[in-house]
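Let's take a friendly walk through a protein model together. Have a look at the sequence and the 3D view, and then read on.

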Amino acid sequence: MKTTPFDIIVIGSGHAGTEAALATARMGCHTALITLRKDTIGVLSCNPAVGGIGKGQLVKEIDALGGEMAKATDYAGIQFRILNASRGAAVHSSRAQVDRTRYARYMQNSIKREKAVTVIEGMVVDLQVVNKKITGVKLASGEILSTRAVVLTPGTFLNGLIHIGLQSFPGGRIGEKAVSELSLCLKDLGVTLLRFKTGTCARLDKRTIDFSKLEPQYGDKKPIPFSITTKKVIKKQLPCYITYTNQKTHDIIRSGLDRSPLYSGVIKGTGVRYCPSIEDKIVRFSDRDRHQIFLEPEGVRCVEVYPNGISTSLPEDVQLTMIHSITGLERAEVIRFGYGIEHDVIEPTQLYPTLESKHIVNLYCAGQINGTTGYEEAGAQGLFAGINAALRVQGKEPLILDRSTSYLGVLIDDLVTKGTNEPYRMFTSRVEYRLVLREDNADRRLGKIGYDVGLLSTARYKALEEKNEKIKETMDRFRTMRIKPKNANDILEKHTIALLKASPTAEEFLRRPEVNCDLVKKIIPELSSIDTQVLRQVEIQIKYAGYIERQLRHIKQFKGLEKTNIPQEFNYHNMAGLSREIQEKLSKMRPVSLGQASRVSGVTPAAIMILMIHLKKYWAETKQKTEDGRQRTE
């Protein structure tokens, strides 16, 4: 049997797979990207949008580390918005509607340009494992591809089962095959699998929608791109439209619940709590008179519209009647009906913080297989898993991001430490240090890491260093520069802002709630030459200085626990002071640090103190044994 060698094999070509393959190739690894169909590389399976609350931060972090999702979004974006713009900087989140065709084309071209990536059409049916270490994969054709590491990103294809009403059939997406043999292989290797469910909406023909009855929703007047490398958004911007379900809609849905796979017991998998199907909304929130629907264009030249808010697996006849009961959609024609899909996921606590499997050496998992939902969560994991697979192949130290570094660090820590019993979605509320981990400073937080692993160019890293130096210089200027009342009061009066009686520094002036950098530039015109991004960083640092300093103190305390490593062979059993329950949880979890141990469900602060004492004793005994061995050798 023919065997083809690769440094790394990436299985699956969705958002996780494309980011993983690009990362490994750019880090110098000969990479195979295995996909069922080349023309589906990088497609948006569900809604035509990227980003959102908590998700926009992940996309910015992908960009900061050298990934591709932000650039693809800027290339394909047709509407850009900053969500939570009226609130504090800690929760500002970017979101963009994108042209579905352009997005996929960008990702496919990115893959084609990487000479170190070989795209292979095929289905993986088996993992080749020797002594618990991955050595290759077997395709349905019988061909075996040998490799030093695998990144597994099958998305919803892993034993996927599609539901439309009471009709069910295997599939990873509508019209595409499911991957079943791989589930059996993982089970045989001792991996515990869970069953999750997600779904999608019908697609409507925009030519049959009465937009005159609907409320338009426009993007920001000055769209802000996702990637730090994109200077300006130049694509044509399109509006979305808003409509609502009504009592008639709800009655139609209730009448079809007996044929709903969700409520008739056909679907066994756990659904997405934060993005439920419309039938789930009607049952769970029976007191609501209506639910909002966003009609999202799927592209500039595309006739398809995505009615975000009515994801469903109801029968087609019920879906059609339901849609026609909604204002503006009375004559809407359905291009494709919505459906639900169940798929297998692994229990993510079976992964190390590098996303490597605890069962199989050099097998990394990323995306929906780890129990997440969303393009952004998948892309971020794919990039991270790809980086760590490449570092392993190159014999380098792994990359671990803790909760104080990034949204990505929080995402991974939540998965591998706490696990998830439902599809996991990122939110700003999950992030303890969100005032420090803002989307506007993602490049400053993670750029050096991206450069060190080889994903950021020297030119881009040099530009980042120059930006940081400019921020420092501008901060110094604001601390020393004074604003005279005679230069400011005429402008302040026009803006109905309290007049100055003294001459505060620019820093003191900017601390006032009603003052921003745009106003300061009007008073001190010479500041207008400073880059907008630099001034934005200065403004945030000055306005939130006290809060930021407090979070940095908390981070310092947190880092102390994270730096206390726990050896993987550490024996928790019969440890005086720890309950049997905690001993069993820690033995199963195998935390890599005292910090991770503290976040294991049920592990108390008192238990951490006891564990700290035992660790000190362990390290002292280990040191003594090492010294004794050295003396005997001498």
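A crossing of two helices is called left-handed if the near helix is turned anticlockwise from the far one by less than a right angle, and right-handed if it is turned clockwise. Keep that in mind for the helix pairs below. What you see is a predicted model, in which local features need pLDDT of at least 70 and side-chain atom pairs count only at pLDDT 80 or more, while totals for chains, interfaces and linings use all residues. Residues are numbered from 1 along each chain as its sequence is written, and side-chain values use heavy atoms, with hydrogens and water left out.

**Two helix pairs**

Packed helices are described by the angle between their axes and the distance between those axes. Here the helices (H or I, at least four residues) and strands (E, at least two) are DSSP runs, numbered from the N terminus. Axes are lines fitted to C-alpha atoms, for helices over the stretch in contact, and angles run from 0 to 180 degrees between N-to-C directions. Angles under 35 degrees count as roughly parallel, over 145 as roughly antiparallel, 65 to 115 as roughly perpendicular, and the rest as oblique.

Helix α12 (residues 458-480) packs with helix α16 (residues 532-543) at an angle of about 55°, and their axes are 9 Å apart. That makes α12 oblique to α16, and the crossing is right-handed. Residues of α12 that meet α16 include K467, I471 and F478, and on the α16 side V534, L535 and V538 are among the partners (contact means heavy atoms within 4.5 Å).

The axes of α2 (residues 55-65) and α9 come within 9 Å and cross at roughly 25°, so these two helices are roughly parallel to each other. Their crossing is left-handed. Among the residues that meet here are L58 and I62 in α2, and A380 and L383 in α9.

**The nonpolar cores**

A nonpolar core is a set of buried Ala, Val, Leu, Ile, Met, Phe, Trp, Tyr and Cys residues joined through side-chain atoms within 4.5 Å. Buried means under 20% relative accessible area, exposed over 50%, and partly exposed in between (1.4 Å probe, protein chains only).

The largest nonpolar core has 100 residues, and I8, I9 and L127 are among those that touch the most other members. Helix α9 (residues 375-393) gives the most to this core, with 11 residues. Apart from it lies another core of 25 residues, including I471 and L492.

What does I8 touch beyond its neighbours within four places in sequence? Its contacts there include T24, H30, V151 and A389.

**Individual residues**

Here are some residues with their relative accessible areas.

| Residue | Relative accessible area | Class |
|---|---|---|
| S183 | 2% | buried |
| C517 | 4% | buried |
| I608 | 7% | buried |
| C275 | 47% | partly exposed |
| K132 | 61% | exposed |
| N131 | 74% | exposed |

S183 lies in helix α5 (residues 181-188). I608 belongs to helix α20 (residues 605-633). Both N131 and K132 sit in the loop between β7 and β8. N131 has a positive phi of about 50° although it is not a glycine, and the phi of K132 is near 65°.

**Cysteines**

How many disulfides are there? The count comes to 0, where a disulfide is a pair of cysteine sulfur atoms within 2.5 Å. For C275, the closest cysteine sulfur is in C46, 6.8 Å away, which is too far for a bond.
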